[in-house]
Structure formats: structure tokens, C-alpha cells
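Colleague: Can you walk me through this one? I'd like the layout to begin with, then a few details.
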Amino acid sequence: MPAHDDAPMFVISVAAELAGMHPQTLRQYDRLGLVSPQRTRGRGRRYSLRDVARLREVQRLSQDEGINLQGIKRILALHSEVERLQEQVDLLRSVADPGHRVFAAGPQGEVVAVPRGHRPARITSTGALVVWRPS
């Protein structure tokens, strides 16, 4: 189920009015890949609140900053990549947070995550003792 901001809600005429643009401009931006609204079965465009916000940002970059459409497309792609990477960093931080997990050597020498205050199971049949001393 799409998030509220991603729910397709507006036909092209309404989205164009909300963004302060002509519907033909929205069609051009769709063709260029600047904004990609969802489609109905009949291929009609349905714009979300996020799409309308993106249209406004395209207009701002174009009119206020003087950036051409190809430059805007690149900026938007980089912005999306930064958001994706930030989500990945947040996920990795939650997994590697020392308050959440401790890593230790498992019975076969592999790295295992164990709850704080616990140790991995030992295998004593080999009788080997490994001592590691940092240099």
C-alpha cells in the first residue's frame, strides 16, 4: 500500500493547477522522466502529493535558479540517490549499533552476532585454544 504522499490522487488538470503549470508542461516532464505519475488502466496519469511537490521543485529550479531540464533531471536523480544511501546508512547503523549487538567468533571461526552479555556456544572437542593479542 503506497504511503499517503505517494497515493495517486489527482488527474493531470488538477495536478497542473496545484503546481501552477499548464497540463502540457506536465506531459513534457513525464516524457523527459522528470516526474513519473502512476497510470490508470486506461493510461491516464494520476499524480500524487509527492509528484506535485516534485513539479514545484522542477519549476523552482528552472525559473529561480536558471537550470535547464537536463540539469534538473540530474539533480533530481542525485537527490534520490542521496535519500536511498541515507536510508541504507540508517539501516546499517541500526544493525551495527554497539548497544544492540555484539559480534564474536563462533565455533567454526565465523563472525556471529550475539545478544549483549552472552557468548557464542563453544566446541571443546578440538581441544584447540586460540589466543589473540593485538599488536
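Modeller: Helices here are DSSP runs of H or I with at least four residues, and strands are E runs of at least two. On that basis the protein chain has 4 helices and 4 strands. Keep in mind that this is a predicted model.

Colleague: What pattern do they follow along the sequence?
Modeller: Reading along the sequence, you get α-α-β-β-α-α-β-β.

Colleague: And how much of the chain is buried?
Modeller: Of its 135 residues, 19% are buried. As for contacts with a separation of 6 or more, 42% of them come from residues 24 or more positions apart.

Colleague: OK, H1 and H2. At what angle do their axes cross?
Modeller: Roughly 100°, with the axes of H1 (residues 12-19) and H2 (residues 23-32) coming within 8 Å. Angles of 65 to 115 degrees count as roughly perpendicular, so H1 is roughly perpendicular to H2.

Colleague: Which residues meet there?
Modeller: From H1 you have Ile12, Ser13, Ala15 and Ala16, and from H2 there are Pro23, Leu26 and Arg27. By class, that contact has 5 nonpolar, 1 polar and 1 charged residues.

Colleague: Switching to H4: how far apart are its end C-alpha atoms?
Modeller: They're 40 Å apart, which agrees with the 40 Å that 28 residues (69-96) should span at 1.5 Å a residue.

Colleague: What does Asn68 do at the start of H4?
Modeller: One of its side-chain oxygens reaches to within 3.2 Å of the backbone nitrogen of Gln70.

Colleague: Last one, Arg43. Where is it found?
Modeller: Arg43 is in the loop between strand S1 (38-39) and strand S2 (45-46). Its phi is near 75°, a positive value in a residue other than glycine. Most residues other than glycine have a negative phi.

Colleague: Is Arg43 buried or exposed?
Modeller: Exposed, because its relative accessible area is 55% and the cut-off for exposed is over 50%.

Notes
Residues numbered from 1 in each chain as written. Predicted model: local features only at pLDDT ≥ 70, side-chain atom pairs only at ≥ 80, totals over all residues. Heavy atoms only, no water. Axes fitted to C-alpha atoms, helices over the stretch in contact; angles between N-to-C directions. Parallel < 35°, antiparallel > 145°, perpendicular 65-115°, else oblique. Contact = heavy atoms within 4.5 Å. Nonpolar A, V, L, I, M, F, W, Y, C, P; charged D, E, K, R; others polar. Expected span 1.5 Å × (residues − 1). Polar contact = N/O pair within 3.5 Å; in protein donor to acceptor, adjacent residues only side chain to side chain. Buried < 20%, exposed > 50% of the residue type's maximum accessible area, 1.4 Å probe, protein only.
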